[in-house]
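User: I would like to learn how to read the packing features of a model. Can we start with the sheet and then move on to helices and rings?
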Amino acid sequence: MHAHSGASGTSKDAVSAVGRRENKMELCIVGAGHVGLVTGACLAEIGHRAVCVDDDRQKVAGLLAGQMPFFEPHLETLVRQNHARKRLLFTESLEGGIEQADIIFICVGTPSLSNGEADLSAVEQVARRIAETVRTEKLVVEKSTVPVQTARWVERTLAMYNGGGSKCEVASNPEFLREGSAVEDFMHPDRIVIGVAGDRGEKLLREVYAPITDGAFSCPIHHPCTNDQSVPLLVTDIQSAELIKHASNAFLSMKISFINALADLCERAGADVTAVAEGLGLDRRIGRSFLNAGIGFGGYCFPKDLQALVNIAEKLGCNFALLREVERVNQSRAAVVLRKLKDRIWLLRGKRIGVWGLAFKPNTDDVREAPAFRIIDGLLQEGAEVQVYDPKAMDSARPKLTGVTFCEDPYQAAAGAEALVLATEWEEFKAVDLSKVKALMTWPLLLDGRNFFDKEAMQEVGFEYIGMGR
Ligand code: UGA
């Protein structure tokens, strides 16, 4: 991407000299959570006018004052700049938000119900309110991660509650953003997927993404941008687009559980899982990414989406037991960590254990389904004293984590400990004075839950080093 040439075959818009399209579109994004806010800010950045609607009054007030509801690299700048340019607006009023819009993106949450099924009540609610409010024909796009066939229900809901009689077409446009690199992922996607029922939806969505597929915008992150490959835009039927999203997350989860199961085998067989992953990954059909063994996956998406896919598959009469196993392997990683500790320091009761990292991965303050929490729960159940430190996630962890000591810095979290567990691979931990850490500990056991440190280097410092699968 970002060869600054070439216009989309279907886009009628000219590309201005500064690389911005002259003919911006009017877009409404319902839900200013991680997906919605990033989508809104990035769509504004590439030249459109985006209105983000959220019924959380405090969040909207905060955003209007330039306060981010969560941490995401580059997002704050994009929000402030585009808000100042009047290309990104925030409101509580759905009616106001959709009035001018050509397209409405539904970006509300789809959390898990207790049985693993996706809770689609927010999606239904938004569809119903759109139906009741809309006065002219709009394209309604589901961007929230939803089970296959949700669009059919959205369509039906729009028809059921539409007093005004203006028909809305429905499309699916899943997002593949990762937390911590969401802006980057939006601007430089591997692919854009649109699931449509007809030409109109396809045309409108192609137009929305034309600046990205054409590379006709100046990248807010990289100056200059050197990537000159075009971004594929895949057009499918709606059900396939819905499934592509769930299938992608499930496949990536499967890669992680595969390498984690292999890590246990490597340990028993005297192999090194990082070398095995290297060898596996060189096969282009497999690829090296998402083969980092460790304490497992977490976050808002993988665990929830995996369950939702198993659930919808079963509802439609398919037994997707393979994915249940992916989840089982993932859940068992905490027990693997506890066993490793007990193998080295015997009983955990009364022992002090330091934990570095609480976020489910680096560069985010998100602790939802964080593997660190599963380990901490296990440690507390065994009667250990746990002292924790995370560079960004302390505030988000505090309300969810009781019975632990929250520390000021990595040193404090290690002080007096019989073992230190690295749960999140923050770059910041590489800059820590590890000799000092070792000196502060009662016993220098370092359990590297992410294979983040160099084993030999750690042994040189004097740590008893345990990795995952090596
Ligand atoms: C994931 C997907 O990667 C995105 O493409 C998708 O859009 C998003 O879910 C979503 O559905 O919204 P995200 O949850 O932000 O993104 O996090 P990832 O970077 O994918 O990491 C997920 C978990 O897997 C983390 O806990 C990470 O530590 C773990 N992981 C990842 C491993 O344990 N090993 C690996 O090799 C890679």
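Analyst: Start with a definition: two strands pair if DSSP finds at least two bridges between them. Keep in mind that this is a predicted model.

User: What is the strand order of the open sheet of six strands?

Analyst: The order is 11-10-9-12-13-14, and the pairing is parallel. Strand 11 (405-406) and strand 14 (464-466) are the edge strands, each pairing on one side only.

User: How many bridges join strand 9 and strand 12?

Analyst: Four bridges join strand 9 (residues 352-356) to strand 12 (residues 419-422), in the parallel sense. For one of the residues, look at Gly 354: its bridge partner in strand 12 is Leu 420.

User: Which strands does helix 13 touch?

Analyst: Helix 13 (residues 333-345) packs on the sheet and touches strand 9, strand 12, strand 13 (445-448) and strand 14. The direction of helix 13 makes about 160 degrees with that of strand 13. Helix 14 (residues 371-381) also packs on the sheet, touching strand 9 and strand 10 (385-389). Its direction makes about 155 degrees with that of strand 10.

User: Now helix pairs. How are two packed helices described?

Analyst: By the angle between their axes and the distance between the axes. Take helix 1 (residues 34-45) and helix 3 (residues 75-84): their axes come within 9 Å and cross at roughly 55 degrees. That makes helix 1 oblique to helix 3. The crossing is left-handed.

User: Which residues of helix 1 and helix 3 meet?

Analyst: Helix 1 brings Leu 37, Val 38, Ala 41, Cys 42, Ala 44 and Glu 45; helix 3 brings Leu 75, Leu 78, Val 79, Gln 81 and Asn 82. By class, this contact has eight nonpolar, two polar and one charged residues.

User: At what angle do helix 9 and helix 11 pack?

Analyst: Helix 9 (residues 238-269) and helix 11 (residues 302-315) pack at about 115 degrees, with axes 9 Å apart. Their crossing is left-handed. Among the contact residues are His 246, Asn 249 and Ile 256 of helix 9, and Phe 302 and Asp 305 of helix 11. The contact divides into nine nonpolar, three polar and two charged residues.

User: Last, the rings. How is a pair of aromatic rings described?

Analyst: By the distance of the centres and the angle of the planes. The structure holds six aromatic pairs. In one of them, the rings of Phe 186 and Tyr 209 have centres 6.3 Å apart and planes at 40 degrees, so the pair is tilted.

User: Which helices hold Phe 186 and Tyr 209?

Analyst: Phe 186 lies in helix 7 (residues 182-187) and Tyr 209 in helix 8 (residues 199-213). The pair therefore ties together parts that are 23 residues apart in sequence.

Note on methods:
Residues numbered from 1 in each chain as written. Predicted model: local features only at pLDDT ≥ 70, side-chain atom pairs only at ≥ 80, totals over all residues. Heavy atoms only, no water. Axes fitted to C-alpha atoms, helices over the stretch in contact; angles between N-to-C directions. Helix = DSSP H or I, 4+ residues; strand = E, 2+ residues; numbered from the N terminus. Parallel < 35°, antiparallel > 145°, perpendicular 65-115°, else oblique. Left-handed = near helix turned anticlockwise from the far one by under 90°. Contact = heavy atoms within 4.5 Å. Nonpolar A, V, L, I, M, F, W, Y, C, P; charged D, E, K, R; others polar. Phe/Tyr/Trp six-rings, centres within 6.5 Å; stacked < 30°, edge-to-face > 60°.
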